[in-house]
Amino acid sequence: MVKKSSKSSSVKKTSITESSKEPAPPPPPMPKSKLTKDELKQFRNALLALRDQLTKQVGSMESEALTKGDSDVSVDHMADHGSETFDQDFTLGLIENEERTIQEIDEALDRIEEGHYGVCERCHESPAKANKIAPHIPKARLEAIPWTRFCVDHAREAERDREVEEAQEDEE
Ligand SMILES: [Zn+2]
């Protein structure tokens, strides 16, 4: 069983690359989506529309950021143009965020094709838990965030893990 976060496990090794030591056993088969064909079609359309919208947004933000970057702001005059630089950083941050969302959307579309859309990846990875709670993400949550890979609890957990990973990367 692959354990990405093992706070309560008995693993004593401090190595963070433990997964590279032996080939991971195959994960349990991914449960099938509980959504009907029509529902899947709706989510697919919603995801494609979102993807289109985000791609356009990123495109216009990128050209905007580039235009700003082209202006003759020299480092000496940074103080005068501080807010402009901030704007540009802010825009670049937004672009990064939206590109990540586009990637998530692509993966969600793949899951629709494969018939596993709407299954929480982490509930499914921990069978003990999956027995108690259905690994299927509630439809209301999917309607709010159609590209989500996790149930509410696991989305929070994944977000915490990502923050920890990023903090570790910064230290290196
Ligand atoms: Zn879950």
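1. pLDDT is the predictor's confidence in each residue, from 0 to 100. This is a predicted model, in which local features need pLDDT of at least 70 and side-chain atom pairs count only at pLDDT 80 or more, while totals for chains, interfaces and linings use all residues. Residues are numbered from 1 along each chain as its sequence is written.

2. Confidence: the protein chain has an average pLDDT of 80, and 72% of the residues score at least 70. Helix α4 (residues 127-132) has the lowest confidence, with a mean of 56, and α5 the highest, at 96. Over residues 5-16 pLDDT stays under 50, and the model has 5 contacts beyond four places in sequence for them. Two residues are in contact if their C-beta atoms, placed from the backbone, lie within 7 Å.

3. Secondary structure: there are 6 helices and 0 strands in the protein chain, in the order α-α-α-α-α-α. Helices (H or I, at least four residues) and strands (E, at least two) are DSSP runs, numbered from the N terminus.

4. A residue is buried if 20 or more other C-beta atoms lie within 10 Å of its own, exposed if 12 or fewer, and partly exposed in between, with C-beta atoms placed from the backbone. Of the contacts between residues at least 6 apart in sequence, 68% join residues at least 24 apart.

5. Core: the largest nonpolar core has 11 residues, among them F43, I105, W147 and C151. At least three of its residues come from each of domain 1 (32-71 + 79-117) and domain 2 (118-166). A nonpolar core is a set of buried Ala, Val, Leu, Ile, Met, Phe, Trp, Tyr and Cys residues joined through C-beta atoms within 7 Å; the domain bounds come from an automatic or database domain assignment.

6. C151 lies in the loop between α5 (139-144) and α6 (152-171). C151 counts as buried because 21 other C-beta atoms are within 10 Å. Not counting residues up to four places away in sequence, C151 touches C120, C123 and I137. C151 and C120 are 31 residues apart in sequence, with their C-alpha atoms 5.5 Å apart.

7. T101 sits in helix α2 (residues 82-114) and is partly exposed, because it has 16 C-beta neighbours inside 10 Å. Beyond four places in sequence, T101 is in contact with L54 and W147. L50 is 51 residues from T101 along the chain, and their C-alpha atoms are separated by 9.5 Å.

8. Helix α6 is hardly covered, with 1 buried residue among its 20.
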